[in-house]
Structures are given as C-alpha cells and as structure tokens.
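Visitor: I am new to this structure. Please show me how to read it, one feature at a time.

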Amino acid sequence: MSDTTLNAVGSPRTATNTLLNEDWLAVFLGLFIFVLALAALVHVDLIGWAVTTSVWGNFGQALKATSKDYAALGGIGALIATYVALLVVLSAGAAVLRSDVKRFALAFTAVFWIAYASWIIGNFAHFAAVTPAEQQKFGINWSLKLTNEGGYIFALIAGLIIANFLPRFGEAIKDAVRPELYIKVAIVILGGFFAVTAAGKLNLASSLILRGVAAIVEAYLIYWAVVYFIARKWFGFSREWAAPLASGISICGVSAAIAVGGAIRARPVVAVLVSSLVVIFAVVEVLILPFVAQAFLAHEPLVAGAWMGLAVKTDGAAVAAGGITESLILAKNAAEGVHYQPGWILGTAATIKVFIDIFIGIWAFVLGYIWTNHINVTDADDKAKLREIWERFPKFIIGFVITFFVGLYLALGTPADIAKNVPAAIGEANTFRVIFFILTFFSIGVLSNFKTLWQEGFGRLAAVYVVSLFGFVVWVGLLISWLFFSGITPPLAS
Amino acid sequence: MAESYTRSDLREELRRAPVEPLLPIEKKLIAWSLSIGLVLLVGLALLNHYVPATF
C-alpha cells in the first residue's frame, strides 16, 4: 500500500494567505443565490433557468428548468446553464481562496457531471417511485421506494466507488471535492427555505428552536465527557489525540475536530486524520439511520429529524440525512393517507445542527483555556484568548440567520401581493440548495477511503469511534430526541 | 516551518505512545461537564413537560 503523506499545513482551515476563508465564501455564495432568487418578488426571474429533476420513467421526463419562464431551454439546456453558472461562480470562489482556478474548473466539471448524473439515475422510477399511484403513472409494478431524495445515496455511492476503486481519479479531482464548502452554501440557502416553512406555524417553529438547547447540552456536556473518558481510559489515547477525537465524535465532526485541535495546540495532522475518520463514519450513518428512522419513527417525524441532527456527524451528512429522512417518512405517511407539510423534518435536523455549531468556538475556547493553563502550560503569548471564540465561530451560521430572518420578514411583514410570491422565489433558491446537497454527498463519498479503517494502528481510532458512536451517541441521541420531540408532528399539508 | 508526517509515522506513534494517566484537571473537567449536563438536561426535560410545544 502506498504511504500517503499528511501535510501538517495542508488543512483547508489553516491557510492564512487567502482573501476570504471557506466559511465567509459560503456566506457570500449563499447570500448571492438568495438575493438573485428574491428578484422574483418584483417579477424579475433571474435564476429560473436552474435545472430540477423529477422522478422519471422516460429520460425525456427527467429534467426541466425550475421556472416556466425558461421552459424553452428544455431539460438539457437548463442542465448546461446550471453547470456553466456554477462553474463560473465557484471558479471565482476558488480564485478568492487562492486555489488553482484551471485545476478547480476541470475538477469541478467532473464532480458536477458525475454527481448530477448519479442524482438523475436516483430519480429513475424503479428506484424513486413510492406510492402505487406513482408506480401506475410510470407503468411499473415494482420500485425500491427510495423517493427522489434517494438520489443523494446514488451520488454518495458514486463518490465511494471513486474513493475506493479509482483513487487516482479521486486524487485528480480533489480540487473540487469540497463537501464543507458545498454544505455551508446549502445551509445558508436553507435558512430562507426554513423561514418560509416556519412562517405559517411560528409557535411550533419557536418550540422547536427552544428544544435545540437540549441538543447543545447533550453534545457538549454529556457526549464529549463520556467519549473523552472512553478514549483516554479504555483505549489509552494521549490527550492530544483524545480531545479532537471526542470533539469529532460528539459535537460536529470535522469542524469541531479542527477547532478543538487548534485550541489545545495539537498538531494539525491529528485533526486531519480524525476528520477523515469522521467523514467515513458519517457515510455509514447516512446509509443506515434514515432507513431505520423510516422503519421505526415514521409516526414521530420530528423525533427522526432531531435524531439525525444529534447522531449524524458533520454538517453535510447530518443535514442531508435530515433531507433523506424527511423524504422517506413523508412518503411512508403519504402511503397511509397522511400528508405532512414538507420542510419540518429537514428544518429540525438543520436547526439542531446549527445550534450545536454555534457553540463550537466557545467549547474550543474552554478546552483551550484548560489545556494552555493547566495541562500543557504555554507561554503567555500562546495561551487561549477570548478572540479565538470569534475566530473559530462557524461564520456560515451568520448567513443562515440572515436568510432565515429576511425570509421570515418577507413572508410575514410585507404586503400580501409581495408575500404571496415569497415561497416561489425562495423555492428557486432551494433548487440550488438541492444541487449543493448533491455535490456534498458526492464529495463526502470521494473522501471516504475505507482502507483507512483497516490500516494497522488506525484501527484503535476507529474502534473508539465505533464504540462511542454506535454504543452511546446514537442511542442517547435517540432517547433525548424522543424526550423533547415526541408527540410533536409537522402541520398537515393544505 | 511545514511539518509533514507519513501514515506509517503516525501508526508507529499511535502504537508506541506511552499511556498518559488522567490528570486531576481532566477528571474534574469530565465530572463537571457530565454533572452540569445531566442537571441541565433534567431541568430542560421538566420545562419541556410543563411547557409543552404549541402547535
């Protein structure tokens, strides 16, 4: 097996010579798409050409432009327009991050087309059709009933195939394999979508947000302490490894491992390796938990959403698992004649995750303070400082909050003739949210080389993860989700 | 200066790393964290029970 070099300064978060970091770039890209979509409020349709995919029996039914204003483009035209627009905007983003723009553009071309092709395949009626009525519509007598969002799983599997069977190709496209960037853009857009969903049921939405506090208590105070203890006492890991590992497993995957690794002055390579494990296990969770939720929590939809936010690590996997869970549970209920309003399960998963993210900086500071003052006592210059809380704050959350409150204002605070257009306008932005989800899933797959788990020496790291995640985190997350969200159901679709 | 590590370096390090016993400050961190977490969780559960979600 070839021996990979892990460069200690190669972490995306450690670059200091860029105009913007990835978090801020995600905020700007997400807000850019959101603002373009809002032009539809004054009857200027700027992004209606974005491609959307429907469940299909004949390929001709698969693709179309989001808005009827751009119907003349046809499905393939809309797909090409979407590719070109994303290529231009994301290449500009790559330039801002001081990446090699040409390499990024070539890599993104491969990432986009493979990921979107996987999504289209996932929307094939034999995979996606759910109800007997749908099967009849497509003239089929069986389907896997994965729903159209099962297309995310296809994108993930395509990425996994590349990571595990075509590693050289995976290496060649790595410049555009950026799951953290893609999911952050998606979450910024999601804020507006969630606002429109919440506008009709503000009391319920505020109840859900208040219950998000329980998630913070669980992730930081309970999960972290237990996982850190397991890693140190049972598996004998040093403090430098145990703290980022506990943060990755218990809080929020990659972001937390990197933030805490930096705060306790661990070598960057520790966080990089822990992050790669986090991604691999997030893939395992995404492939299992939404289907478990559909089987056992179909009548407790918000418990299922909260569970995804608490149990699945990394923002991308958690929010996307919320999307798949929503789709699977809505379909199962629809088959029983109960039609819930979409958006609530995904919104619950995302809210829980965002609440957890908000406190990463504070938790990293607390640990940094303890480490630099009591464990590895450092010079005064290198001690943890309050400003690190802001430096480690995930800035994309600012974008989520902005789009949420702007969306809420537009839906509730504007004259009726404007307010009635808000769902359609934000729906156009939501088309891009779906596309960024697809790119996220594919990218997570490409980063998930399962050989890591079999490498001698790293098995112990993986063992801590397995014991903590499947022996504790998943089940305590389920218990707490049940405690706080059982009996609360989404509104019925009108 | 850029440091670089190979996977075999790290494997070796993980295998040979001496056991670091839990320091009193770590025990305190774990105990306080768990205690505050459980107390807050019980408080929130009670709050959730007496102030149920409004539809």
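Guide: Start with burial. A residue is buried if 20 or more other C-beta atoms lie within 10 Å of its own, exposed if 12 or fewer, and partly exposed in between, with C-beta atoms placed from the backbone.

Guide: Two notes on the source. This is a predicted model, where local features need pLDDT of at least 70, side-chain atom pairs count only at pLDDT 80 or more, and totals for chains, interfaces and linings use all residues. Residues are numbered from 1 along each chain as its sequence is written, while chains are lettered from A and ligands numbered from 1 in the order in which they are written.

Visitor: Is W371(A) buried or exposed?

Guide: W371(A) counts as buried, because 24 other C-beta atoms lie within 10 Å. Across chain A, buried residues account for 55% of the 494 residues.

Visitor: In which helix is W371(A) found?

Guide: Helices (H or I, at least four residues) and strands (E, at least two) are DSSP runs, numbered from the N terminus. W371(A) belongs to helix α15, residues 360-375 of chain A.

Visitor: Which residues is W371(A) in contact with, leaving aside its neighbours within four places in sequence?

Guide: Two residues are in contact if their C-beta atoms, placed from the backbone, lie within 7 Å. For W371(A), the partners are I264(A), R265(A) and N376(A). I264(A) is 107 residues away along the chain, yet the two C-alpha atoms are 5.6 Å apart.

Visitor: Where is the place of R265(A)?

Guide: R265(A) sits in the loop between α10 (239-263) and α11 (268-296) of chain A. Its phi is positive, near 65°, and R265(A) is not a glycine. R265(A) is partly exposed, with 16 other C-beta atoms within 10 Å.

Visitor: What is the phi of K145(A)?

Guide: K145(A) has a positive phi of about 55°, and it too is a residue other than glycine. Look for K145(A) in the loop between α5 (132-137) and α6 (151-165). With 18 other C-beta atoms within 10 Å, K145(A) is partly exposed.

Visitor: How many helices and strands does chain A have?

Guide: Chain A has 21 helices and three strands. The radius of gyration is taken over C-alpha atoms, and the globule rule is 2.2 Å times the number of residues to the power 0.38. For chain A the radius is 22 Å, close to the 23 Å that the rule gives for 494 residues, so the chain is as compact as a globular protein of that length. Its C-alpha trace spans about 65 × 50 × 50 Å along the principal axes.
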